[in-house]
Amino acid sequence: MVSERSEGGEAVIKATEMDPKFKYEISKIPGAEKIMLCFQCGTCTADCPIARFSDAYRPRRILRMVQLGLKSRVLSSDVLWLCAACFTCVDRCPQDVEIAGVLRTLRNLAVKEGFMPAVYRELATSVLETGLAYKIPASRLRKRVEAGLPPLPKADVKSINKLAEVTGFSKIIQARRT
Amino acid sequence: MAELRYLLFLGCAIPYRVSAYEISTRKVAKKIGIELIEMPEYNCCGLPMEPISYDIMLALAARNLCIAEQQGLNMMALCPGCAGTLHKVNKILKEDKKLRDAVNRYLKEVGLEFKGTIEVKHFIRVLADDVGFERIKGTIERPLSALKVAEHNGCHVLRPAKYIGFDDPENPVMLKRLIEITGAKCLDYMDETECCGAPIVGVNEKIPLQLARNKLSHIRDVGAQAMITICPFCHMMFDVNQPRIERMFDEAFGLSVLHYPQLLGLAMGFSPAELGFDELRVDTSKLLSAIT
């Protein structure tokens, strides 16, 4: 379970800890193009249903950390994984920053650095093995027949694994957590 | 009227553990005259993989879209996560040539090409846009005028507005109108459009259960006899997890949570058994005795 503790590291930020080019790197990735337009109004955090019940998840804070270049603090932070992708912030951001897109971008980068909650590895393994994110139990398949529902189609696992290979996804999933 | 034929996209969560939604949808669709074709060799819509890799999400979604293109049919999805993802990817691939070329390079490896010839809609969007309220009204045989219910839309049917473009995400009315066709009254309540929290259950359970509890309290407070959902994940949060929420907060709700087609199906005259009521966790006997 991902805790609600704040992003790690010391409270005092050293200038050498900042990567001044991080924001430019991020802004080239689809969904995060407008990261520099965030002027910290706080609409995202104020309207975030998760932030209402969490002491740690603050989308505005995450965006500021990206702008400041606190790359390793952001990417190793547990709070990245608390966005529920409800997209309320995307619809209400006055700067059209697509905050959930920035969060997705940060998660994708975090995964490359070896940070991924266990649940996502389980879902990914299921997709690669069965085509679906959940392995449908045999009891459910029997129940489908009893309820008169048509059988589920066979998945084209070969094609899915080919797509996983060419997108670099297989490599990410095979990599051990560092 | 346009032909009401769709490839049915079931996704993962519905065959995994939310059969009642599928059973009741098939019943009401048939009665309305919507023809549902089974989707061959489909895969995960891509959404659950988006946090890991945007590229695999695009590739998985696009592969499903290509299969629908080959069949020459529009898609109807029951899960808002699937519908939202497929709708969004379909839209951005149609509009963004650079991205489309990149995704088509992936798809070429599996003998496919995205052409952009079909549309994807969520079930309630099919009802609202393609079927129309009048036609649905014509199928009602037993108006549920004794019922007061509350709706929960589910985020991905409405947001992000710039990709989805359906209803008003700040003040949605389509599901309410579809509910009121059954004769039931749909009540307003506080934080109606707020998320159920389900997407983060796998990493943190405390926050989503608090969110769900908040919504259940607001719905109880306005006096609704049932909650109506259109998403398998929202349904699990409010129905399957309701006993846990009650224990966690030492609070009783006993609020029946129906999939919208179950409510519509009752109004069409189907029996609870025909609509998969036996799968619901929270007891519905009180609700059902109110309408018989």
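The lining of the second largest pocket comprises 15 nonpolar, 6 polar and 12 charged residues, where Ala, Val, Leu, Ile, Met, Phe, Trp, Tyr, Cys and Pro count as nonpolar, Asp, Glu, Lys and Arg as charged, and the others, Gly among them, as polar. The model is predicted, so that local features need pLDDT of at least 70 and side-chain atom pairs count only at pLDDT 80 or more, whereas totals for chains, interfaces and linings use all residues. Residues are numbered from 1 along each chain as its sequence is written, chains are lettered from A and ligands numbered from 1 in the order in which they are written, and side-chain values use heavy atoms, with hydrogens and water left out.

The second largest pocket holds about 770 Å³ of space, and of its 33 lining residues the closest to the centre are Ile29(A), Pro30(A), Gly31(A), Tyr54(B) and Leu99(B). A pocket is here an open set of points on a 1 Å grid over the protein atoms alone, where a 1.4 Å probe fits, with protein on both sides within 12 Å along at least five of seven lines, and lining residues have an atom within 4 Å of a point; the volume is the space filled by probe spheres set on the points, which are joined across faces, edges and corners.

Over all chains, 0 disulfides are present, a disulfide being a pair of cysteine sulfur atoms within 2.5 Å. The sulfur of Cys12(B) lies 4.5 Å from that of Cys44(B), its closest cysteine sulfur, which is too far for a bond. Cys12(B) is buried, at a relative accessible area of 7%, buried meaning under 20% with a 1.4 Å probe and protein chains only.

Definitions and conventions
Buried means under 20% relative accessible area, exposed over 50%, partly exposed in between (1.4 Å probe, protein chains only).
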